[in-house]
Amino acid sequence: MKAPPFDYVRASSLAQVFELLERHGDDARLLAGGQTLVATLNMRLSEPALLIDITALEPLRGITLAGGLLRIGALVTHAEIEASPLVARHAPLLTQAAPHIAHRAIRNLGTFGGSLAYADPSAEWPTCVRALDATLVLVSARGERRVAAADFFQGLYTTALKPGELLLACEIPLLAADEHQHFDELARRHGDYAITGLAARALRRAGRLHAVRLAFLGLEDRPVRAPRTEALLEGRVPDEALLAQASQLLRTELQPMADLTHSAETKRHLAAVLCQRALRRLAA
Ligand SMILES: Cc1cc2nc3c(=O)[nH]c(=O)nc-3n(C[C@H](O)[C@H](O)[C@H](O)COP(=O)(O)OP(=O)(O)OC[C@H]3O[C@@H](n4cnc5c(N)ncnc54)[C@H](O)[C@@H]3O)c2cc1C
């Protein structure tokens with residue numbers, strides 16, 4: 001199928017984007033890497049009258065250290081994150097997750113901000129930023145505001161972005177000296193959206209785990225944490241007995257939604273397998 005007709009503007013400033021969003025409201029859509037939006041247009045799942053191409057906007061670019069945080073601009077591509085030494089050093093979870101996103105051609109064009117704004121519950125970046133306790137920087141004609149990742153993802157393809165706002169960047173706390181991060185997922189074929197995946201991190205002190213974060217993708221309508229299992233692990237040595245206890249608790253805590261090919265029970269089982277693997281890596 002072909003996309004319906006639409007007007008196209010390549011914006012040269014944020015002010016121009018705000019003005020166009022104000023004038024066209026819901027009839028306008030922002031275009032970043034186009035790797036999701038163009039497919040939805042071609043399938044006629046979306047019929048905007050105007051596409052506002054934001055790819056020329058410098059304030060949305062770059063990976064930098066600022067104010068003790070790693071700042072990743074919304075227009076940074078998946079491939080740029082995969083190759084970034086700054087990301088590898090300060091947020092290795094993202095470096096580990098990037099190769100799981102689709103295929104190289106899509107990673108070369110698709111953007112961090114586009115993925116976060118689209119909020120697919122099976123996507124890698126929303127779950128990673130949830131595990132990393134990151135903050136999303138949103139901007140509109142009214143100025144900037146910051147929203148914690150925990151509050152940003154509000155449901156299936158639904159975020160805290162308000163009309164007239166766009167995602168400017170994401171700010172990520174730097175990896176601590178005794179912190180370990182681990183990402184893994186299970187997919188039918190490499191490059192497919194995952195059945196489920198886990199972004200995990202913890203501090204490891206004298207063999208004990210602290211501040212454990214377990215964020216799963218592909219289970220519910222948004223990235224989900226497992227706070228009861230995280231609490232069970234707090235300050236404990238992750239020996240085989242604790243891993244078995246954690247696995248059992250996790251199975252009761254997660255409430256996965258079945259999809260066309262996998263039952264809720266299969267997803268629950270796979271999530272527990274990923275959790276065991278992650279805890280062994282975090283403890284090693
Ligand atoms: C075959 C295929 C396989 C894929 N597999 C995966 C996968 O395994 N994992 C995965 O995570 N993704 C996957 N994707 C999606 C891909 O990662 C997209 O790049 C990403 O979801 C959207 O980024 P984009 O820059 O292409 O955004 P676009 O397609 O340009 O935009 C997506 C949406 O976000 C909005 N938007 C974009 N930027 C902003 C912004 N700065 N502020 C506010 N709103 C904004 C747009 O208006 C639009 O609604 C796949 C895509 C394809 C085509």
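The centres of domain 1 and domain 2, taken over C-alpha atoms, are separated by 19 Å. These values, like the others below, were computed from a predicted model. The protein chain is divided into domain 1 (7-53), domain 2 (58-173) and domain 3 (182-283).

**Where domain 1 meets domain 2**

- Between these two domains, 12 residues of domain 1 are in contact with 16 residues of domain 2.
- On the side of domain 1 that touches domain 2, the element that gives the most is helix H1 (residues 14-24), which provides 5 residues.
- When that side of domain 1 is sorted by class, there are 6 nonpolar, 5 polar and 1 charged residues.

- Strand E4 (residues 63-66) pairs with strand E5 (residues 69-73) in the antiparallel sense, and the pairing extends over 4 bridges.
- Within this pairing, Leu65 has Leu70 in E5 as its bridge partner.
- The two strands E4 and E5 form a hairpin with 2 residues between them, and Gly67, which lies in the turn, has a positive phi of about 60°.

**The pairing of E5 with E10**

- Strand E5 is also joined to strand E10 (residues 166-173) by 5 bridges, and E5 and E10 run antiparallel.
- In this second pairing, the residue that stands opposite Ile72 is Cys170 in E10.
- Strand E5 therefore has two pairings described here, as DSSP finds at least two bridges between paired strands, with 4 bridges to E4 and 5 bridges to E10.

Methods:
Residues numbered from 1 in each chain as written. Predicted model: local features only at pLDDT ≥ 70, side-chain atom pairs only at ≥ 80, totals over all residues. Domains from an automatic or database assignment. Contact = placed C-beta atoms within 7 Å. Nonpolar A, V, L, I, M, F, W, Y, C, P; charged D, E, K, R; others polar.
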